[in-house]
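Have a look around, then read on.

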Amino acid sequence: MAANRTPSVPARSPERRKRRLVLTALFLVFAAVGLFLLSRAGSFLIVHAPQPSDVIVVLDGEWQQGVRLQGEGYAPKILLNAGVNWLVYGRSEYDLATEFLKTQPHAGMEVCPAAADDTLQEAANVRGCLAHLHPHSVLLVASDFDTRRALEIFRARMPQYRWSIAASSAPYHDADQYWKHRSWAKTVLSCWEQYLWWKLVDERRPNLALK
């Protein structure tokens, strides 16, 4: 009677083992690169490089940073970009900013009315307000995670000026720890969506520069 024999398992070929090792290594490399990029997703969006300029343009209501920069000698004038479309208890941001300047006047500060729903149109509003100031250089102030997109848009829309930008809370704190805070993570995701839309769609529009 023949003895029972356990079927032998064919040995894996050296080529198959090598292929598996290569695929595993590639997966680990891509995973590491992906994690690194995600860890820098917050700080990539932030640009803080203010330069001495003729005027400071404050976006997103970040007037306190504009006043600090004015006090440090970056520019003698401040232009507050304030919206007129959205109302809070019957009053627009422009109304509130105008009233604020009447009660607590700051030298060299004025309000620019903005009827815009996006940064592209916002740049057109700012252009009209800058005209009578005749600046050669402009320092933007924007919320931290909007600074890279805002700087690129204003440079593309008004290349006749020399632009620089300051983040509202710079030196910003723990930008790469955004994933630890729910609100920060939502803000970074939203700003990345807007930045990608700018790079893939809006930046490719013809006649982007304002005349």
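## An exposed asparagine

Let's begin with Asn207, which counts as exposed because its relative accessibility is 74%, and the cut-off for exposed is over 50%. Keep in mind as you look that this is a predicted model. To find Asn207, go to the segment that comes after helix H7, which covers 182-200.

## A histidine with a positive phi

His134 isn't a glycine, yet it has a positive phi too, of about 50°. You'll find His134 in the loop between H5 and strand E6, the strand that spans 137-142.

Is His134 buried or exposed? With a relative accessibility of 62%, His134 counts as exposed, since anything over 50% falls in that class.

## The disulfide

How many disulfides does a search of the whole structure find? The search turns up one. The partners are Cys112 and Cys129, with a distance of 2.0 Å from S to S. In general, a link of this kind is a covalent bond between the sulfur atoms of two cysteines.

Where do the two partners sit? Cys112 belongs to strand E5, residues 109-114, while Cys129 belongs to helix H5, residues 119-130. The pair therefore ties together parts that are 17 residues apart in sequence. As for handedness, the torsion about the S-S bond of Cys112 and Cys129 is about 80°, which means the disulfide is right-handed.

## How buried are the cysteines?

Both partners are tucked away: Cys112 is buried, at a relative accessible area of 1%, and Cys129 is buried as well, at 14%.

Another cysteine to look up is Cys191, which counts as buried at 7% relative accessibility.

## A serine in a strand

Last stop: Ser92, which is in strand E4, made up of residues 91-92. Is Ser92 buried or exposed? Its relative accessibility is 4%, so Ser92 counts as buried.

How far apart are Ser92 and Ala82? Along the sequence, they are separated by 10 residues. In space, the separation of Ser92 and Ala82 is 8.3 Å, going from C-alpha to C-alpha.

Terms used: Residues are numbered from 1 along each chain as its sequence is written. This is a predicted model: local features need pLDDT of at least 70, side-chain atom pairs count only at pLDDT 80 or more; totals for chains, interfaces and linings use all residues. Side-chain values use heavy atoms; hydrogens and water are left out. A disulfide is a pair of cysteine sulfur atoms within 2.5 Å. Helices (H or I, at least four residues) and strands (E, at least two) are DSSP runs, numbered from the N terminus. Buried means under 20% relative accessible area, exposed over 50%, partly exposed in between (1.4 Å probe, protein chains only).
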